[in-house]
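Open the model in your viewer and keep the sequence panel beside it.

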Amino acid sequence: MTRPRLSTTRELYGIIGKIPDAGKLQSKWNKFFEKEGMDAFMDKYPTNVDQLPARLSEMFHFDRRAYIVGADLQEAIIPLLDEVEKEALEQGRVEVVINKNGVMKGYIEIESFSLTLA
């Protein structure tokens, strides 16, 4: 179970799966949001393969904008997504999932995630 959302305007982002130095990555993104004056927050959501459907459901229901996906989940998440970019399909892995109006799309490059923040 996740914590209730306190602000309906805050943009939510997440880290799922195993990522080395996930705390540092989370801190980096939260500092970026603060510097840019964004009402946004990056959180870590402990996730294993069996929990992926629930995490994607939460992404939709709680309007989480994106997940950074750890290497342990990058292959298993593909069949659960609405769309996957060609490069990600070719490599058989997704590093980032972006929620665009309820459509979950997987990307191979973390830069795709960064571009959504611009």
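The expected span of a helix is 1.5 Å times one less than its number of residues. Helices (H or I, at least four residues) and strands (E, at least two) are DSSP runs, numbered from the N terminus. This is a predicted model: local features need pLDDT of at least 70, side-chain atom pairs count only at pLDDT 80 or more, and totals for chains, interfaces and linings use all residues. Residues are numbered from 1 along each chain as its sequence is written, and side-chain values use heavy atoms, leaving out hydrogens and water.

**Stop 1: helix H1**

Select residues 22-35, which form helix H1.

Which residues of H1 are buried? Colour Ala 22, Leu 25, Gln 26, Trp 29, Asn 30 and Phe 33. Buried means under 20% relative accessible area, exposed means over 50%, and partly exposed lies in between (1.4 Å probe, protein chains only). The arc is that of the directions from the helix axis to the C-beta atoms. An α-helix has 3.6 residues a turn, so residues three or four places apart point the same way.

Now turn to the face of H1 that points away from the buried side. The exposed residues there are Lys 24, Lys 28, Lys 31, Glu 34 and Lys 35. Then step just past H1: Gly 37 has a positive phi of about 70°.

**Stop 2: Gln 26**

Go back into H1 and pick Gln 26. Is Gln 26 buried or exposed? It counts as buried, because its relative accessibility is 13%. A polar atom of the Gln 26 side chain lies 3.0 Å from the backbone oxygen of Met 42. Show the contacts of Gln 26 (heavy atoms within 4.5 Å). Beyond four places in sequence, Gln 26 touches Ile 15, Phe 41, Met 42, Asp 43 and Lys 44.

**Stop 3: helix H2 and the cores**

A nonpolar core is a set of buried Ala, Val, Leu, Ile, Met, Phe, Trp, Tyr and Cys residues joined through side-chain atoms within 4.5 Å. The largest such core has 17 residues. Select Ile 16, Ile 77, Leu 81, Val 94 and Val 97, which have the most contacts inside this core. Helix H2 (52-61) and strand E3 (64-69) are the elements that give two or more residues to this core. H2 gives the most, with three residues.

Zoom in on Leu 81. Leaving out residues up to four places away, Leu 81 touches Leu 56, Val 94, Val 97, Met 104 and Gly 106.

Next, select the buried residues of H2: Leu 52, Arg 55, Leu 56, Glu 58 and Met 59. They fall within an arc of 155° seen down the axis, so they line one face of H2. They pack against strand E1 (11-16), strand E2 (40-45), E3, E5 and strand E6 (103-107). Just after H2, Asp 63 takes a positive phi of about 55°.

**Stop 4: Arg 93**

Finish in the loop between helix H3 (86-91) and strand E5 (96-100), where Arg 93 lies. Arg 93 is partly exposed, at 27% relative accessible area. The Arg 93 side chain makes a polar contact of 2.6 Å with the side chain of Glu 95. Another polar contact, of 3.0 Å, joins the side chains of Arg 93 and Gln 91. A polar contact is a pair of N or O atoms within 3.5 Å; within protein, one must be able to donate a hydrogen and the other to accept it, and residues adjacent in sequence count only if both atoms are side-chain atoms.
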